[in-house]
Amino acid sequence: MVTIAVTAERDGEPRVAVSPETVKKLTALGCLVRVQAGAGARSRFADDTLKAAGATIAGSASEALAAADILLKVRRPSPDEVKALKPGAIVASILAPYDDRAGLETLAGTGASLMAMELMPRISRAQSMDVLSSQANLAGYKAVIDAAGVFGQAIPMMMTAAGTVPAARVFIMGVGVAGLQAIATARRLGAIVSATDVRPATKEQVASLGAKFIAVEDEEFKQAQTAAGYAKPMSAEYQKKQADLVATHIKSQDIVITTALIPGRPAPKLISQAMIESMKPGSVIVDLAAERGGNTDVTKPDEEVNHKGVLIIGPTNLAGDVPVNASSLYAKNLLAFLETMIDKKDKTLKVNWDDEIVKGTLVAKDGRIVHASLQKGT
């Protein structure tokens, strides 16, 4: 029998790595799921609900972890947590592998097989396992809702006997999963929406959601996307032309949502201090790249900065602000991932280490860091 441990998250993280639905399905696969008491409370998954789905509720983290084959977490676990597992156990979480290298090496030294869910290959059969997409989708939604909440004006146009209330103008910078959901949410609220991205494939997506596309569409723009679907770093010349276009456009915007973030790199600066100062007092910027330095010159992680009347918000865990949905989706991502490793007939752990999905997410194994992107000198 495969034993799966789930412990409470640290550092104020409200999400959890299982849901009643995934506990039920993991149990059906023959797994013993041990969940630390209270681990799901902030996602409204009560111990009794998880127990009814088939989980064993452990009184402490150490009880949940004892000799388990797999540890499921949202954030990177501590070395002590991993040491309590069976030797060579699997750890699946959002590991933030490019942060705190020393801490990662310590974790690798435990001998566990560390799998970073955010490194999931962007291939068709891994779509159901893509945690970046599932969490970014919620972050894009919440960014618009939060911006609307502090904007202090109505979002949709309203026709009244006393006069017309104009629709708010919302500008989305970066049209990945978060950006697309931000566009859709702003449109649902009745805003006039525009969006920009350096990837040419996004132009049609933006138009399909009823928003206006803003970009310098030159030859460099036509080649500005990697095979994995990420934006390529652009030349200084292109950045200057794009910045000039954005500077002109942003002056008339009421709400701006920035989402430009490339894994493992500092966030690109999209909005200068001068651009912010050109915006109308009362305008709002929500910077979803705050965790990596932000897309504006004045963003501060997890703070609200009022810069000459413009409010810049720098959340680092917007998905965590809707933990019920975020945990449910994240738990399903993990379930789909684990289903590739569990033999349904023998109900045993059977990992194909040559599987593209496993190789893509495997950060460390047998005491050393193995992922190509983490080798020193790369």
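Me: What do the buried residues of H7 pack against?

Reply: Helices (H or I, at least four residues) and strands (E, at least two) are DSSP runs, numbered from the N terminus. Buried means under 20% relative accessible area, exposed means over 50%, and partly exposed is in between, with a 1.4 Å probe and protein chains only. Contact means heavy atoms within 4.5 Å. With that in hand, the buried residues of H7 pack against H6, E9, E10 and helix H8 (202-208).

Me: What sort of model is this?

Reply: Residues are numbered from 1 along each chain as its sequence is written, and side-chain values use heavy atoms, leaving out hydrogens and water. Local features need pLDDT of at least 70, side-chain atom pairs count only at pLDDT 80 or more, and totals for chains, interfaces and linings use all residues, because the model is predicted.

Me: Which residues of H7 are the buried ones?

Reply: Helix H7 covers residues 177-188, so you can look through those 12 residues. The buried ones are Ala178, Gly179, Gln181, Ala182, Ile183, Ala184, Thr185 and Ala186.

Me: Which residue just after H7 takes a positive phi?

Reply: Look just past the end of H7. There you'll find a phi of about 95 degrees, and the residue that takes it is Gly190.

Me: How many residues of E9 are buried?

Reply: Strand E9 is residues 169-173. It is largely enclosed by the rest of the structure, because the number of its five residues that are buried is four.

Me: What is the strand order in the open sheet of seven strands?

Reply: Two strands pair if DSSP finds at least two bridges between them. E9 and E10 pair in the parallel sense over five bridges, and E9 is also parallel to strand E12 (residues 255-258), with four bridges. The whole sheet has mixed pairing, in the order E11-E10-E9-E12-E13-E15-E14. One side of each edge strand is left without a neighbour in the sheet, because there is a single partner strand for each of E11 (212-213) and E14 (304-307).

Me: What stands opposite Ile172 in E10?

Reply: Ile172 has a counterpart in E12, where it stands opposite Ile257. Over in E10, the residue opposite Ile172 is Ala195.

Me: At about what angle does H10 run to E9?

Reply: Axes are lines fitted to C-alpha atoms, for helices over the stretch in contact, and angles run from 0 to 180 degrees between N-to-C directions. Helix H10 (residues 236-250) lies across E9, strand E10 (192-196) and E12. Its angle to E9 is about 160 degrees.

Me: Which residue in E18 stands opposite Met115?

Reply: Strand E6 (residues 113-116) and strand E18 (residues 362-365) run antiparallel and are joined by two bridges. Opposite Met115 stands Leu362.

Me: Is Val35 buried or exposed?

Reply: Val35 sits in strand E2 (residues 32-36). Leaving out residues up to four places away in sequence, Val35 touches Val6, Val18, Leu50, Ala55, Thr56, Ile57, Ala58 and Ala64. Because its relative accessibility is 0%, Val35 counts as buried.

Me: What is the relative accessible area of Ser93?

Reply: Ser93 is found in strand E5 (residues 90-94). Not counting residues up to four places away in sequence, its contacts include Lys73, Met115 and Tyr330. Ser93 is buried, and its relative accessible area is 0%.

Me: And what is the relative accessible area of Gln135?

Reply: Gln135 lies in helix H6 (residues 131-151). It touches Arg15, Ala319, Ala326, Leu329 and Tyr330, again not counting residues up to four places away in sequence. Gln135 is buried, with a relative accessible area of 7%.

Me: What is the radius of gyration of the chain?

Reply: The chain has 13 helices and 19 strands. The chain is as compact as a globular protein of its 378 residues, because the globule rule gives 21 Å and its radius of gyration is close to that, at 22 Å. The radius is taken over C-alpha atoms, and the rule is 2.2 Å times the number of residues to the power 0.38. So the value you asked for is 22 Å.

Methods
Expected span 1.5 Å × (residues − 1).
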